[in-house]
Amino acid sequence: MTSAASWTTFIKSIASYNGDLSSLTAPPFILSPTSLVEYSQYWSEHVDLLLEPNFIVDSDDDPVELKRMIAVTRWFISTLKSQYCSRNETLGGEKKPLNPFLGEIFVGKWEDTSKEQKLGETILVSEQVSHHPPITAYAVENKKNNTILEGYNGVRASMSTTALNVRQFGHALLEYRNLDETYLVTLPPLHIEGILAFSPFVELEQKSYIQSSAGYYTVIEYSGRGYFSGKKNTFKARIFKSYEESLKKEKALYTISGQWSEKSAIAKGSSSPSSSKGETFFDASNYEAQHLTVKPIDDQHPLESRKAWKDVAEAIRKGDFDLIHEEKSKLENKQRELRKAEEANNAKWARRWFDEVDYSKDSLDNDIFITLSNLAHLSIKNVASGVDSGSAKNDDVEGMSHWRFVPESFDKETEIKI
Ligand SMILES: CCC(=O)OC[C@H](C)CC[C@H]1O[C@H]2C[C@H]3[C@@H]4CC=C5C[C@@H](O)CC[C@]5(C)[C@H]4CC[C@]3(C)[C@H]2[C@@H]1C
């Protein structure tokens, strides 16, 4: 069957789509040989920007906490091209990632590329902590600068007539322990355009937020073609002294605008910097992403993603549909056996490096996630990321559990080597 014909068949299959992305049997050419558990690496492909707040010195213009919020906003914007465009660059378009099995892990490290060697080594640990629904938890840890980024992600998707609408669940917490400062980062809604046109790509939409423990608050508004400037991947970010001040746009201390996958500019105040007038904020096309180092597959543990999916990934690269199906079934049958055995022994799969914390317990009142969520008026329930605590969506959701990194569990790790 030609790829155009199988794509049309596939599109028809989406019509009866039930919201669980993994239930879609996409044709081989839309399948990615990469598992979703690897996507956590996209949070840290500019390690220097992630660690920059550690090196900002106080000076007489802006308060140092405001300078650090500008630096954290720059780091966050710098992650978006890797998060949402890297498949277009390497695979010629957005692809359907492999659906990680429960307990699947992905680890790697970024060497220090700074000439002063001030960054030190940064490591990534990523673990599939849930299979139904799929949830990936991750931590990026830099011991030399006492900095940890931890977070988790799950998605819910629904089809509109031409696009796949995706809501992200979860958040990221970025802790600079030497500065006693932490940032809460929410995850933007997105949709996949171009499905009918046979070349799918991600477009971000609506808003996401960054809340600093020092009070500063960034609102980022996304749009695709035809909104702010008719260009794809455009955004406008405003930095405020607090959530309360953000209720009046004119109170913005800085405004940043442009394309998150290309150039953006920054200007003081609430007016958008025109690309000529404003100072360059970030230029994605001139800032090479730094890819992490992953040990050879032969040295990997059976639970490590590239080892576990090796035969499926090779079949996908060959485009051999029958072989893909055969190799995938082998892996999925092994997983079914594991689940059955756990059920028989009344044992649950032990998560390696993350805990599911129930925030409905009042003993957690001064937890940093609650503190920052309250500062930003964000719900702490299991609603989509970035939902306001006053939103009606809050009422019909009870769950209040979030995944948190357990640093000592990784320090004690003996089987998995980075
Ligand atoms: C319409 C059904 C279908 O399978 O069409 C195939 C198309 C390629 C579109 C569906 C897939 O598109 C992929 C894009 C994936 C997101 C990309 C980036 C991120 C950021 C990361 O930090 C967390 C994960 C997330 C949100 C990915 C989630 C899974 C997405 C939507 C894939 C879709 C199955």
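This is a predicted model: local features need pLDDT of at least 70, side-chain atom pairs count only at pLDDT 80 or more; totals for chains, interfaces and linings use all residues.
Trainee: How does the radius of gyration of the chain sit with that of a compact globule?

Mentor: The two agree, because a compact globule with 418 residues would have a radius of gyration near 22 Å, and the chain has 22 Å. The C-alpha trace spans about 65 × 50 × 50 Å along its principal axes, and buried residues make up 54% of the 418 residues in the chain.

Trainee: And what share of the contacts joins residues at least 24 apart?

Mentor: If you take the contacts between residues at least 6 apart in sequence, 57% of them join residues at least 24 apart.

Trainee: Let's go to the largest pocket; what is its volume, and which residues are closest to its centre?

Mentor: The volume of the largest pocket is about 980 Å³. Its lining has 42 residues, and the closest to the centre are Leu21, Leu36, Pro97, Val155 and Val166.

Trainee: Which element gives the largest share of that lining?

Mentor: That is β6, with five residues, while the elements that each supply at least two residues include α1 (3-15), α3 (64-91), β6 (147-159) and β7 (164-176).

Trainee: How do the lining residues of the pocket divide into nonpolar, polar and charged?

Mentor: There are 27 nonpolar residues in the lining of the largest pocket, along with nine polar and six charged.

Trainee: You mentioned β7; is it mostly covered or open?

Mentor: β7 is mostly covered, with ten of its 13 residues buried.

Trainee: Which way do β6 and β7 run, and how many bridges join them?

Mentor: They run antiparallel and are joined by 13 bridges.

Trainee: Which other strands pair with β7?

Mentor: One of them is β9, which pairs with β7 in the antiparallel sense over three bridges, and there Val166 has Leu190 in β9 as its bridge partner. Another is β8 (residues 181-185), also antiparallel to β7, over five bridges, where Ala172 stands opposite Val185. In the hairpin of β7 and β8, which has four residues between the strands, Asp180 takes a positive phi near 55°.

Trainee: Changing topic, how many cavities of 30 Å³ or more does the structure hold?

Mentor: It holds one, and the volume of the largest cavity is about 130 Å³. Its lining consists of 18 residues, and those nearest the centre are Gly170, His171, Ser379, Ser385 and Gly386.

Trainee: Last one: where is His377, and why does it count as partly exposed?

Mentor: His377 is in the loop between α7 (368-375) and β18 (401-405), and it counts as partly exposed because its relative accessibility is 30%, between the cut-offs of 20% for buried and 50% for exposed. Leaving aside neighbours within four places in sequence, His377 is in contact with Tyr243, Glu244, Val387, Asp388 and Ser389. The C-alpha atoms of His377 and Gly390 are separated by 7.5 Å, and these residues are 13 apart along the chain.

Notes: Residues are numbered from 1 along each chain as its sequence is written. Side-chain values use heavy atoms; hydrogens and water are left out. On a 1 Å grid over the protein atoms alone, a cavity is a set of points where a 1.4 Å probe fits but cannot get out, and a pocket is an open set with protein on both sides within 12 Å along at least five of seven lines; lining residues have an atom within 4 Å of a point. Grid points are joined across faces, edges and corners, and a volume is the space filled by probe spheres set on the points. Ala, Val, Leu, Ile, Met, Phe, Trp, Tyr, Cys and Pro count as nonpolar, Asp, Glu, Lys and Arg as charged, and the others, Gly among them, as polar. Buried means under 20% relative accessible area, exposed over 50%, partly exposed in between (1.4 Å probe, protein chains only). Two strands pair if DSSP finds at least two bridges between them. The radius of gyration is taken over C-alpha atoms; the globule rule is 2.2 Å times the number of residues to the power 0.38. Contact means heavy atoms within 4.5 Å.
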